[in-house]
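Keep the structure open while you read.

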Amino acid sequence: MRLILLGPPGAGKGTQALRLVDTHGIVQLSTGDMLRAAVKAETPVGLKAKDIMAAGGLVPDDVVIGIISDRIAQDDAANGFILDGFPRTVPQAEALDAMLKSLGLKLDAVVELRVNESALLDRVEKRVAEMTARGETVRADDNAEALAKRLASYREMTEPLVDYYSEKRKLLTIDGMMPIDEVAAEIQRVLEAVQAADVKAADAKAAKRKPAKKVAKAAKKSVKTPAKKAKPAKKAVKKAAKGASKTRVTKKATQKVAKKAKVSPAKKTKKLAKKAAKKTNEKARKAPVKKQAKSKKKGAKRLTKRR
Ligand code: AMP
């Protein structure tokens with residue numbers, strides 16, 4: 001899973017990112033942490049970023065884009081990552097799109113933590129108190145003055161990303177004012193919904209692809225067939241007509257057979273007997289007349305002879 005956590009300083013991005021690392025087994029990529037490490041190690045990037053960060057400004061785009069593109073390509077990010085504090089400007093978001101595209105990777109979601117600005121100063125003050133109590137070094141930008149500058153940068157440079165990702169249908173907005181556990185549970189819920197929608201979309205795509213293959217196959221076949229079996233139109237019409245008359249004949253013959261089959265053998269015998277009797281009667285009726293006529297002729301002959 002590849003996620004972006006979006007929200008103003010003190011919204012709880014770092015805290016929620018750590019929870020996601022545990023539940024999803026993916027790495028947290030925080031540009032703030034990387035820059036702080038670079039400042040500490042006094043690398044060229046660190047030296048460049050040190051004063052800007054302390055004042056609550058934004059480090060130049062090319063610097064952070066360079067850091068992130070190196071980090072995303074590392075092995076531990078192959079399973080997925082949570083971007084915390086990056087992108088912070090539209091050019092950074094565009095650079096990320098290009099990076100992911102070139103790596104053949106997809107961004108799953110952008111989780112925006114929405115908070116009341118009035119609560120942010122309280123949160124930062126609380127964080128400073130906790131860090132001091134643990135004996136940790138307090139961040140150079142964790143003070144009221146730097147916070148005001150960071151908030152102004154967020155509103156001006158980072159908030160346009162809400163529209164940027166909303167238009168890409170990637171944005172999920174969560175109420176960051178809820179208790180930490182509830183925010184975590186809500187993030188989990190929306191991410192599960194995103195994953196379920198992805199599975200559904202993948203299934204639909206696979207189902208669509210199958211008939212498309214069939215159609216392509218059929219189209220291929222239909223292209224081959226006429227070329228192979230092409231016949232002159234006249235011939236084809238003649239054949240079709242012949243076929244049609246054949247069909248009629250076959251129909252007639254079938255009707256005749258069916259009619260015959262309907263007559264039971266007993267009926268058939270009766271019918272034949274009736275026919276034979278009629279013929280015999282007719283013969284019998286004709287026979288005496290013939291005989292009479294013959295005998296009359298014979299009698300006449302005899303008389304003539306006698307005379
Ligand atoms: P963060 O820990 O995310 O609050 O970042 C601390 C500081 O690091 C910010 O106030 C910026 O000065 C700098 N920084 C971190 N991420 C970026 C970024 N994506 N673009 C520019 N500056 C950044």
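Start with helix H8, residues 160–167, where Leu161, Val162, Tyr164 and Tyr165 are the buried residues. Buried means under 20% relative accessible area, exposed means over 50%, and partly exposed is in between (1.4 Å probe, protein chains only). Look down the axis of H8 and these buried residues fall within an arc of 165°, so they line one face of the helix. That arc is taken from the directions from the helix axis to the C-beta atoms. On the face turned away from the buried side, H8 carries the exposed residues Asp163 and Glu167. Helices (H or I, at least four residues) and strands (E, at least two) are DSSP runs, numbered from the N terminus.

What do the buried residues of H8 pack against? They pack against strand E1 (2–6), helix H5 (90–103), strand E4 (109–114), helix H7 (144–158) and strand E5 (171–175). Contact here means heavy atoms within 4.5 Å.

A quick word on ground rules: this is a predicted model, where local features need pLDDT of at least 70, side-chain atom pairs count only at pLDDT 80 or more, and totals for chains, interfaces and linings use all residues. Residues are numbered from 1 along each chain as its sequence is written, and side-chain values use heavy atoms, with hydrogens and water left out.

Now hop over to Ser153, which sits in helix H7. Ser153 is buried, at a relative accessible area of 14%. Leaving out residues up to four places away in sequence, Ser153 touches Gly56, Leu58 and Thr158. Gly56 is 97 residues from Ser153 along the chain, yet their C-alpha atoms are separated by 8.1 Å.

Most residues other than glycine have a negative phi, and most peptide bonds are trans.

Pro87 is in the loop between strand E3 (81–84) and H5.

Finally, how far can you trust all this? pLDDT is the predictor's confidence in each residue, from 0 to 100. The protein averages 79, and 68% of the residues score at least 70. Among its elements, H8 has the highest mean pLDDT (98), while helix H10 (residues 233–262) has the lowest (44). Over residues 243–254 the pLDDT is below 50, and this stretch has zero contacts in the model beyond near neighbours in sequence. Where pLDDT is low, the predicted coordinates should not be read in detail.
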